[in-house]
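Please look at the sequence and structure first.

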Amino acid sequence: MLELDEYKLELQKYKKPLEEVRDSLDIEAKENRIAELEKAMEASDFWDDVENSGKVMKEIKGLKSTIENYNGMKQDYEDIETMIEMADEEGDDDLVAETGELLRSFSKRFEAFRIETLLSGEFDANDATVKINAGTGGTEACDWTSMVYRMYTRWAEKHGFQVTVLDILDGDEAGLKTVTFQISGYHAYGYMKSEHGVHRLVRISPFNANGKRQTSFCAVEVLPVIDEAIEIEVADDDIRIDTYRASGAGGQHINKTSSAIRITHIPTGIVVQCQNERSQHQNKDQAMKMLKSKLYLLKEQENAEKMSGIRGETFENGFGSHIRSYFLQPYTLVKDSRTGCETGDAYKVLDGGIDDFINAYLVWMAAGPEE
């Protein structure tokens, strides 16, 4: 049967890549790491340190998920191989059609799984801190910032990641001037690092009485959450701590007290803010973690290569510096200027459907983008 011959050739194309994926994942090393962590869990005082035990459980979950995904792909490959043999022997048209469907499904899932193997950077497995600032465009830019924030929260929900707002400032008329939040989950930073840069929106503005098209910008900064085990010295004389009353959503308590914290690192000019916790002390602790993460990266980014690999290039929040454009009028299109990835379904993207752009970025980076 001609179709079966094509299916055999198609399936055979995945044999070597499947082996390469296993080698790149180093499945045996991951299994050994799981055994090591599970042994540590047997210690009588393991659960006394809630933060550390949580990190261990998260790492185990991530490692097991990767192994299970690989084993599932390997089993699916073998099952399709068996079905091709059965369909060939029995000459069953229904079985041939079912084989084709399984092969198409396998192909899509394998490509998604292969992308995950590209997440091998130093901080790729970590949580991510994301900050979105409204750029050129006034009220329209603030509205655009809130749309991008929603896009990322919807994406996080679909992937089972947790989102925690760290700081938020409403726009004067609508939307958000700025929002900082943490996305927690295995490989959160590895995926989200593709979003670092300026995002441009072109649409007929609902805030423009003349119904004219308007271009707006927002800047997205993505940083990994650095493990506390990494020691960073911050001298008291090098920082200025300001308290202020929290804004935005947060309940009555958070709006009545000056519990929000802003820390300025004087030597570098780095500013971090946090207002999501209910006490000033908790906000200060969270803000210090953010500051230390930035200082650690600054130290690691002393050479241009490291900076480019972790934090991305610096950018202006306006015309000529965007990494991705979103057109809603007169047609719908989202296009990434780095990878060339594009789709006409802009509203699906704004509802969290950014996986194609993330995957294209990871492949682009792995191939070594031209400077």
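**Charged pairs**

In a salt bridge (side-chain nitrogen of Lys or Arg within 4 Å of a carboxyl oxygen of Asp or Glu), the side chains of E51 and K289 meet at 4.0 Å, N to O. This is a predicted model, in which local features need pLDDT of at least 70, side-chain atom pairs count only at pLDDT 80 or more, and totals for chains, interfaces and linings use all residues. Residues are numbered from 1 along each chain as its sequence is written, and side-chain values use heavy atoms, with hydrogens and water left out.

Q: How many residues apart in sequence are the parts that E51 and K289 tie together?
A: E51 lies in helix 4 and K289 in helix 9, residues 280-300. Helices (H or I, at least four residues) and strands (E, at least two) are DSSP runs, numbered from the N terminus. The pair therefore ties together parts whose separation in sequence is 238 residues.

Q: Which residue forms a salt bridge with R203?
A: The closest N and O atoms of this pair are 2.5 Å apart. R203 lies in strand 4 (residues 197-204), and its partner is in helix 6 (residues 138-158). The partner is D143.

Q: Is R203 buried or exposed?
A: Buried means under 20% relative accessible area, exposed over 50%, and partly exposed in between (1.4 Å probe, protein chains only). R203 has a relative accessible area of 9%, so R203 is buried.

Q: How many salt bridges does the structure hold?
A: One of them joins K8 and D88, with the closest N and O atoms 3.3 Å apart. R150, R154, E157 and D351 are linked in a network of salt bridges. The number in the structure is 25.
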